[in-house]
Amino acid sequence: MKSIDDLLTEQPLFSDLDPEHRRLVAGCGRLRRFEAGAWILKEGAAADMFYSIRKGQVALGIHVPERGDVVIETVGEGGVLGWSWLFPPYKVQFDARAVTAAATIEFDGACLRRKCDADPVLGYALMKRFASVMAARLQATRVQFLDVYGNAR
Amino acid sequence: MAQSGRREPAPAGDICAHRRCTLGYSFRDATLIPHLALPHPGRTAVRMNATSGHHVLPVSRLGDLFSALRSAGWNLAGPRIRDGAIVYDELETAADLPAGWTDEQAPGKYGLKKRGDGALFGYVVGPHSWKKYLFPPTVRMWSATKTADGMEVEVPQPAAPPTAFIGVRACELAAIAVQDKVFLGSGFVDPVYKARRDNIFLVAVNCGQAGGTCFCSSMNTGPKARGGFDIALTEILEDGHRFLLESGSERGERLVALLAAPAASDADRSAADAAVARAVSMMGRTMETSGVKELLQRNYEHPRWDHVAARCLACTNCTMVCPTCFCSTVEDVPNLSLDRSDHVRTWDSCFTSDFSYIHGGSVRPSVKSRYRQWMVHKLSTWHDQFASSGCVGCGRCITWCPTGIDITEEVREIRASDGANT
Amino acid sequence: METRADAGVLAPEFLRVTGRRKELADTWTLELEPRAEFPFRPGQFNMVYVFGFGEVAISISGDPAAPGKLVHTVRAVGKLTTALCASKAGAQLGIRGPFGTSWPVDEAAGGDVVLVAGGLGLAPLRPAVYRILAEREKFGRVTLLYGARSPETVLYRAELRRWARAGIDVRVTVDAADARWRGNVGVVTRLIDQAAVTAGATAAFVCGPEIMMRFAVSSLTQRGIPTDRISVSMERNMKCAVGFCGHCQYGPEFICRDGPVFPFRRIEHLFRIREL
């Protein structure tokens, strides 16, 4: 069976990380599977964890009274889920639920924060990667916000 | 009918029947000269090298030219005064020409005044251009009719009354050549334009003066007609009011031969050259055209567009008077019993917000973007599309702009601040 | 004096509607029966005339290998298209066409193909999908990335499943959905990031709202696909479809004649200019 470290080389977010750093990150991770329909993150909960999706599809959403569960975006293979663990108050902001059975690597956020504090080079490398993911998601959300199919084509 | 003063346009396909009722009208009837085929409508002009030399016709005999054309079945259209402007309309005789009148033109200004001589073509171009004959402002393209078995389409035979255009200026010949490329030379042929274009006789007039908004010299289109006409006239006022005649086609040459006009002398020729030279020296405007195609396409974003947008009313005047503007729209006009609908084409203008409307909105909501579309198209992207400028330097868009926007000035300003950022 | 052929460029021929299918709440697919075969290339369009209303440019969305049938998918957005969508079997519509350029499907053979569609932009791409499927072995990996507003506006749903079974990697995403939707949520450009889109001999065909195409092209070029291997289909007001009416001008281009399908490289410099 592949080690977490091996599996991280297959994840876009970590694949080009310095091997030493990757081992440090792998030390905070473990394999975790979710059945279809299972909640992975719940709004308001402590943001202790984040996930790298190896297989399956996860829906990120929020419960809106009168509208029910609204899906904002889905994250699939190779995607990363959760960044509330990076910043105080370390609270989950949105719900995440497995749409299909999902194989993930679950990371202990507190563990990783400690390692980043101890090794700012690792901290910077990780922060850059998360910032890039966040920027891409923000851009995508902005386009979504334009409602381009509203009255065109 | 011939005596009634005004003739109905000949119905297309019925020209000869119409002719018979006007026979006997004219001077030395060409039917008396059987070896000379008359320049009859419907026969396409054949380009020829002007080998016949120039002839001279005294002003008193200009009517003979008109009569010869009418005898050959051509309706005459040319300049006459209406509503305080010189427009193109049906002509009966040479007496209909605006003798002794001239026009004064400036940005946003047009007026007529007496010249103090008897010049027949002593003005430049007015609000009309010949495009109204070749590319009619409103034309039914086809009609759909409900029948017992479904729908039927009826395409009318395009009406093309044989018409001799009298007094076509060099810039206007250039404009016709430009529209030829649009409607005949770009892959598809417009049947309406083609039918009309095939049925005209072109009597050009070389300009003996230029107007305040003229810049044909800059656009290399005038003031002397260099081809594309059947006959070209140069009006000479000094030492005997007369016309120098030059034929530009075989049928033009045959018509000149019919007139039996004497050969022009060196004095006639140099007087005609002097008239054209006077027009060159009077040119009211200039436009620097070198690199203008690239200049405008690299200045799509330029503060000058905001400057012009603040003055432009988007009234569409410039596009209506422009002799090359070819945009059109179509409207379906159903009858009251809803069993027939006419598909009608009318002139359109890129200055309206509807022009670029696609579901949801206009692509060019601002006046700035519409003026830019018009001017960049006219002077720049026209080259990409038709391998020539869309501007012939006639100056109409300057004269008839209610706020006097001057296309030559706009080019100059952009050139002066090439690359400026908005 | 005038030939009918010349007149025919501007006058329609009436064809009978033989079928009408509701695709979405406001979108219908009409089938017409041409008198003779109606050959066309994927990406081309017709001018469709509705009696008393006028003409509108509509892409052909049928199978180019079945020229005995003419298929248009239309969204009812205005009076004319609403009347068009209401045309039941037996009704007659005027047709002029086909006009315009086409998706370079043949040129794409031998390599991978990525089709990116947004909204109703899937309709002009459908003939290209048919063409590819007819000779599926000639192409490498074929990926169809399709974005719609919501699950209710996903066009040709049954066919998308069929295409997936026939060897196309079909991925659909919607901008917004509730929890019942099992598919992707997010903009179509995110599918480009997820799918196995690689540079090399890959051709990309993009069709959708202009803003969506802008982002899609940007994602594709980030994946290393050169702009001359990316084709886009443009849309503008059109009255004549033959370059006479002037309405569809886009800088130096007449979209009716030089387009609607352009290699992106050709119009790249125009894409940035506002209100062109």
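This is a predicted model: local features need pLDDT of at least 70, side-chain atom pairs count only at pLDDT 80 or more; totals for chains, interfaces and linings use all residues.
In chain A, strand β3 (residues 49–55) has pairings with β8 and β6. With strand β8 (residues 102–108) of chain A, the pairing is antiparallel and extends over six bridges. Within this pair, Phe50(A) has Phe107(A) as its bridge partner. Strand β6 (residues 80–81) of chain A is also antiparallel to β3(A), and two bridges join them. Here Ser52(A) is placed opposite Val80(A).

The partner of β2(A) is strand β7 (residues 95–98) of chain A, to which it is joined by two bridges in the antiparallel sense. Leu41(A) is bridged to Ala96(A) in this pair.

Chain B contains 14 helices and 15 strands. Its length is 422 residues, of which 57% count as buried. When contacts in chain B between residues at least 6 apart in sequence are considered, 74% join residues at least 24 apart.

The largest nonpolar core comprises 122 residues. Tyr371(B), Trp374(B), Met375(B), Ile407(B), Val116(C) and Leu220(C) have the most contacts inside this core. Helix α4 (residues 170–183) of chain B supplies nine residues, the largest share. Another core, of 39 residues, lies apart from it and includes Leu24(C), Leu122(C), Leu155(C) and Phe205(C). Beyond its neighbours within four places in sequence, Trp374(B) is in contact with Cys318(B), Thr319(B), Cys325(B), Cys350(B), Phe351(B), Cys397(B) and Ile407(B).

Arg370(B) belongs to helix α12 (residues 367–386) of chain B. This residue is buried but has no salt bridge. The nearest side chain of opposite charge is that of Glu275(C), 6.8 Å away, whereas a salt bridge requires a side-chain nitrogen within 4 Å of a carboxyl oxygen. The side chain of Arg370(B) does reach the backbone oxygen of Phe351(B), at 2.9 Å. Phe351(B) is also among the residues in contact with Arg370(B) when neighbours within four places in sequence are left aside; the others are Ala314(B), Cys350(B), Thr352(B), Ser353(B), Arg364(B) and Pro365(B).

Key:
Residues are numbered from 1 along each chain as its sequence is written. Chains are lettered from A and ligands numbered from 1 in the order in which they are written. Side-chain values use heavy atoms; hydrogens and water are left out. Two strands pair if DSSP finds at least two bridges between them. Helices (H or I, at least four residues) and strands (E, at least two) are DSSP runs, numbered from the N terminus. A nonpolar core is a set of buried Ala, Val, Leu, Ile, Met, Phe, Trp, Tyr and Cys residues joined through side-chain atoms within 4.5 Å. Buried means under 20% relative accessible area, exposed over 50%, partly exposed in between (1.4 Å probe, protein chains only). Contact means heavy atoms within 4.5 Å. Lys and Arg count as positive and Asp and Glu as negative; His and the chain ends are not counted. A polar contact is a pair of N or O atoms within 3.5 Å; within protein, one must be able to donate a hydrogen and the other to accept it, and residues adjacent in sequence count only if both atoms are side-chain atoms.
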